[in-house]
Amino acid sequence: MEIRIVFGHFIEIIIMLRLVEETYSLQLQESLTLPSWYGRNLDALYDVLTEPGFGGGRCTICFTGCSGSGDGMQRYLEAMKQMCRAPVEENTGLAVEFVD
């Protein structure tokens, strides 16, 4: 599930992981409005997040329910956290948060 709040050019996207554990790749694609070429893996997500203009210049992505996910999702979540560090450094308008 996602909630999209737009204030001018700022977008906040909240993704509740407990609801997407089984279908997180598809939910990410739909929630983040990813392009059709998105390959549903972390490499492809990195490519999208580092695209110039992703999120209209100012975007926060907040993943909630991180501590309530199963073991498989926890391993994926750790890999996602590591992957997200570089796009946040490269894209000054992007913030990614992981909340229990």
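Predicted model: local features only at pLDDT ≥ 70, side-chain atom pairs only at ≥ 80, totals over all residues.
**View 1. Phe-63 and Phe-98 form a stacked aromatic pair.** Look for the two rings: their centres are 5.1 Å apart, with 15° between the planes. Phe-63 belongs to strand E3 (residues 58–64) and Phe-98 to strand E4 (residues 94–98), so the pair ties together parts that lie 35 residues apart in sequence. Phe-63 has a relative accessible area of 2%, so this residue counts as buried. Phe-98, at 23%, is partly exposed.

**View 2. The largest nonpolar core brings together 25 residues.** Leu-28, Leu-45 and Ile-61 have the most contacts inside this core. Two or more residues come from each of strand E2 (10–16), helix H2 (42–49), E3, H3 and E4. Which of these elements gives the largest share? Helix H3 does, with 6 residues. As a general point, nonpolar side chains tend to be buried together in soluble globular proteins.

**View 3. Ala-79 sits in helix H3 (residues 71–90).** Is Ala-79 buried or partly exposed? Its relative accessibility is 28%, so Ala-79 counts as partly exposed. Now find Leu-42, which is 37 residues away from Ala-79 along the chain. The C-alpha atoms of Ala-79 and Leu-42 are separated by 8.1 Å.

Notes
Residues numbered from 1 in each chain as written. Heavy atoms only, no water. Helix = DSSP H or I, 4+ residues; strand = E, 2+ residues; numbered from the N terminus. Buried < 20%, exposed > 50% of the residue type's maximum accessible area, 1.4 Å probe, protein only. Phe/Tyr/Trp six-rings, centres within 6.5 Å; stacked < 30°, edge-to-face > 60°. Core = buried A, V, L, I, M, F, W, Y, C linked by side-chain atoms within 4.5 Å.
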